[in-house]
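Work through the exercises below with the sequence and the coordinates at hand. Try each task before reading its solution.

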Amino acid sequence: MLLATCLALCCALGGIAFSAHRASAANDDLMDAYRVIAGHTFVDLTHAFDPGIAHWPGFPKETVRTLYTYKKDGFLAQMFCHVGQWGTHVDAPAHFAPGNKTVDQIDPKQMLLPLVILDVHDKVAKNPDYILSMKDVRAWEARHGTIPQGAFIAMRTDWSKRWPSETAMENKDAKGIAHYPGWSMPVLKYLYLERHAVATGHETTDTDPGVLASHGDYSLESWLLHQGHYQIEMLANLDRVPEYGSLAIVTFPKPRGGSGFPARVIAIVP
């Protein structure tokens with residue numbers, strides 16, 4: 001009986017020691033990963049926002065009010081009032097898809113992702129109405145291999161260099177039609193349905209090209225969000241990120257029931 005008890009105790013202690021060893025190894029793995037990541041360059045892909053920035057024309061401007069001051073109160077506190085889709089921001093699926101995920105329901109595991117840059121800025125410089133094509137995507141895969149599953153895929157157009165001017169971002173002609181680049185349905189379906197992207201992002205105010213958005217056509221954005229994916233609009237500094245090999249940190253606050261909110265997006269660059 002005593003022998004059986006001793007054996008059971010030894011097995012239990014051995015199990016605890018093994019579990020502790022596994023936990024220690026897992027901790028070491030994370031610390032090793034941190035040391036690798038910390039040694040790389042971090043690029044902020046986010047615009048700073050204020051009341052005067054470019055925004056979707058149907059939204060009111062932001063207001064900022066100082067509630068407490070250093071001189072009077074010993075500390076500074078401000079109240080910022082703006083729509084959820086303000087500055088560099090996340091659009092949750094619920095922005096267009098009733099009953100779908102809101103900002104607070106987006107899985108944190110979808111906030112650290114492989115980063116893919118589809119660079120068409122040279123083509124956009126020649127044609128502001130340029131639409132991303134499957135030819136562009138195939139060319140990327142010919143250079144770098146298959147787009148990795150679970151990626152955050154950003155379209156680089158260098159349109160963010162027009163920030164913060166609303167006039168320059170909209171780029172309207174004499175008839176009031178906006179001219180800025182956008183995605184295409186074949187590309188979005190390929191990225192989400194075949195390459196299983198988690199999210200996409202761009203530098204403009206809309207997923208859809210300016211000519212379509214000017215006529216109230218947001219069918220591309222609607223399709224994307226109805227698939228249950230989120231997107232990031234009005235990204236910055238994509239010209240500082242390589243086409244492949246980076247990671248994206250995509251984060252934002254957690255407003256309950258929110259359809260969108262300002263985001264902070266950071267690239268970890270090799």
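The exercises cover the sheet, one of its strands, a serine and a pocket, all in a predicted model.

**Exercise 1. The surroundings of S8**

Task: Describe how S8 pairs with S7 and with S4, and determine whether its two faces are covered or open.

Solution: 
- Step 1. On one side, S7 (residues 199-202) pairs with S8 (residues 230-233) in the parallel sense over three bridges. Here glycine 201 stands opposite isoleucine 232 of S8.
- Step 2. S4 and S8 run antiparallel and are joined by three bridges. In S8, glutamate 233 has histidine 89 opposite.
- Step 3. In a regular strand, side chains alternate between the two faces of the sheet. In S8, Tyr230 and Ile232 lie on one side, while Gln231 and Glu233 lie on the other.
- Step 4. These four residues are all buried, and both faces of S8 are covered.

**Exercise 2. Serine 246**

Task: Is serine 246 buried or exposed, and which residues does it touch, leaving out those up to four places away in sequence?

Solution: 
- Step 1. Serine 246 is found in strand S9 (residues 246-251).
- Step 2. The relative accessible area of serine 246 is 3%. The cut-off for buried is under 20%, so serine 246 counts as buried.
- Step 3. With that sequence limit, serine 246 touches Leu113, Pro114, Leu115, Val241, Ile268, Val269 and Pro270.

**Exercise 3. The largest pocket**

Task: State how much space lies in the largest pocket and characterise its lining.

Solution: 
- Step 1. The largest pocket holds about 170 Å³ of space.
- Step 2. The pocket is lined by 16 residues, and Pro57, Glu170, Lys172, Ala178 and Tyr180 are the closest to its centre.
- Step 3. By class, the lining residues divide into eight nonpolar, four polar and four charged.
- Step 4. Helix H5 (residues 166-170) gives the largest share of the lining, three residues.

Key
Residues numbered from 1 in each chain as written. Predicted model: local features only at pLDDT ≥ 70, side-chain atom pairs only at ≥ 80, totals over all residues. Heavy atoms only, no water. 1 Å grid on protein atoms, 1.4 Å probe; cavity = no way out; pocket = protein on both sides within 12 Å on 5 of 7 lines; lining within 4 Å. Points joined across faces, edges and corners; volume = space filled by probe spheres on them. Nonpolar A, V, L, I, M, F, W, Y, C, P; charged D, E, K, R; others polar. Pairing = 2+ DSSP bridges. Buried < 20%, exposed > 50% of the residue type's maximum accessible area, 1.4 Å probe, protein only. Contact = heavy atoms within 4.5 Å.
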